[in-house]
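Welcome! Here is a short briefing to read alongside the sequence and the model.

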Amino acid sequence: MKCFQLFSCTVLAAVLVLNGCSAPLPHTSNQDLSRYQPQPYIKFEHQDWTKNASIYQINTRQFTQEGTFRAAAKELPRVKALGTDIIWLMPIHPIGQQNRKGELGSPYAVKDYFAVNPEFGTLTDFKYFVDEAHQLGMYVIIDWVANHTAWDNVIRQEHPEWYAKDYKGDVHPTPWFDWFDIIDLDYRSPELRQYMSSALKYWVKEVGIDGYRCDAAGFVPLDFWNNVSAELRQIKPVFMLAEWESRDMHEHAFDASYAWSWWEIMHDLAKGKASLGELAGYYAWNEKFYPKDSYRMTFVTNHDKNSWDGTDRELFGEALESVAVLSVIGEGMPLIYNGQEAGNNKRLEFFKRDPIQWKKDPMGELYQRLFALKKDNTALWNGHWGATMIKVPNSIPDKVFSFVRQNDKDKVFGVFNFSDMPVTVDFDEQLFTGQYQDFSSGNTVKLETNSTLDIEPWGYRVLLQ
């Protein structure tokens, strides 16, 4: 009988539709709708100081001639003047000797989570660096390597059961990679989780750091990160950055995640291997799949890209400036890797000393102006504080990428020629019209419905209201 009633209702609804009528909607005016209210995906609040923040990555080994925390601290006023807010230090811990790579080893082969690498100085020196950064109004996060340790990490002898085993029952590096200088941990152990959580809390409590950049974060169970992030935020409002690209990371644990796919598309565009449709696809996913309040870290280079893939000029060629500009004015929290502002033209050695050759360079001036713009222009702020990118249709969509970010206070119109040909481009709809100041020249530009813009190969125009 119930099956017949269901069939009859279905047939009735179909008949009503065929006859130009709609099936009646259920009456809801007197019903409780509380369970149907939309809920925020992210279950914690970003700190106010992150709303227009940018990140500066320091490779301590190469940042100064001395390669120490004390020497790096002397450079903090310059980094502050560049306009960045968050200092990310690569791993500060002692490096393992067993199966070490190269002369000095990889900072990501950690020997002791509770100690400081003597190559960089002492615990007192590290505290001094953090204090100096705080005095300048900056924040310090450190690299945390939770997936694996050095072969001779201090915990291996006391707790061999905390390590993952292969089919032979032996400890092993992360499968398939050439990471022969490390061995994987096994997060099925509650005791390991407690130990690692204690180590993470130690640097926040005892030194006052402001959070972590978590290496290979997706190789560690998400429930570990969710729990330890909550514990850390009970101590102070930390900033958490995941070296991973996953929406789930943002719900409880991480303020920001890597925009790896953005970098890949930008690199392929510069090499003529990608279309602007792929870039549009990235921003479509960023808007629809990721919550508005998730920060995606956009970058031109970092320690991995520089050392293993090439300098930023090698990777992006004539498109370099446009890629840097889009990394800051597009949606995302931008990163600058030490040396970019000096036009660093070498792949920094990873396993031995190779200090950056510091000099003034146009890229430094460009980044300084971009970070100042991000600070002042509310449309460019991070997460819910900033404005969503809106596509502006143009006459050359296979070469020109154009968009507006605007709110009640500010407006930015960005136009990028991702081709090796000069273009004259015009635009559709009305969103782009208005009177602007050109970011590069400072000139006043008035755009009407029939206006065009001339843009050189790999060039850009950033127009401000």
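A residue is called buried when its relative accessible area is under 20%, exposed when it is over 50%, and partly exposed in between (1.4 Å probe, protein chains only). Please keep in mind that this is a predicted model, in which local features need pLDDT of at least 70, side-chain atom pairs count only at pLDDT 80 or more, and totals for chains, interfaces and linings use all residues. Residues are numbered from 1 along each chain as its sequence is written, and side-chain values use heavy atoms, with hydrogens and water left out. Helices (H or I, at least four residues) and strands (E, at least two) are DSSP runs, numbered from the N terminus.

**The barrel**

- Two strands count as paired if DSSP finds at least two bridges between them.
- On that basis, eight strands close into a barrel with parallel pairing, in the order S1-S2-S3-S6-S7-S8-S9-S10.
- Neighbouring strands of this sheet are turned against each other by 25 degrees on average, direction ignored; axes here are lines fitted to C-alpha atoms, for helices over the stretch in contact, and angles run from 0 to 180 degrees between N-to-C directions.
- Strand S1 (residues 55-58) pairs with S10 in the parallel sense over three bridges, and glutamine 57 has tyrosine 337 in S10 as its bridge partner.
- Helix H5 (residues 123-135) lies across S1, strand S2 (86-89) and strand S3 (139-144), and runs at about 140 degrees to S3.

**The open sheet**

- Six strands make an open sheet with antiparallel pairing, in the order S11-S12-S13-S18-S15-S16.
- Strand S11 (390-391) and strand S16 (444-447) are at the edges with a single partner strand each, so one side of each has no neighbour in the sheet.
- Strand S13 (residues 411-417) pairs with S18 in the antiparallel sense over five bridges, with valine 462 in S18 as the bridge partner of glycine 414.
- Strand S15 (residues 434-438) runs antiparallel to strand S18 (residues 460-464) and is joined to S18 by two bridges; here aspartate 438 stands opposite leucine 463.
- How many residues of S18 are buried? Five of its five residues are, so to speak, under cover.
- Tyr460, Val462 and Leu464 point one way from S18, while Arg461 and Leu463 point the other way.
- In a regular strand, side chains alternate between the two faces of the sheet.

**Two packed helices**

- Helix H7 (residues 190-206) packs against helix H8 (residues 222-235) at an angle of about 30 degrees, and their axes are 10 Å apart.
- Contact means heavy atoms within 4.5 Å; on the H7 side the contact is made by Arg193, Met196, Ser197, Leu200, Lys201, Val204 and Lys205, and on the H8 side by Asp223, Phe224, Val228, Glu231, Leu232 and Ile235.
- By class, the contact of H7 with H8 has seven nonpolar, one polar and five charged residues.
- In that grouping, Ala, Val, Leu, Ile, Met, Phe, Trp, Tyr, Cys and Pro count as nonpolar, Asp, Glu, Lys and Arg as charged, and the others, Gly among them, as polar.

**Salt bridges**

- Side chains of opposite charge can pair when their charged atoms come close.
- A salt bridge is a side-chain nitrogen of Lys or Arg within 4 Å of a carboxyl oxygen of Asp or Glu, and the count by this rule is 25.
- Lysine 305 forms a salt bridge with glutamate 264, and their closest N and O atoms are 3.7 Å apart.
- Because lysine 305 lies in helix H12 (residues 303-309) and glutamate 264 in helix H10 (residues 260-270), this pair ties together parts that are 41 residues apart in sequence.
- Lysine 305 is buried, at a relative accessible area of 9%, whereas glutamate 264 is partly exposed at 35%.
- Aspartate 354 and lysine 346 form another salt bridge, with the closest N and O atoms 2.7 Å apart.
- Aspartate 354 is buried, with a relative accessible area of 14%, and lysine 346 is partly exposed at 23%.
- Asp143, Arg213, Asp215 and Glu243 are linked in a network of salt bridges.
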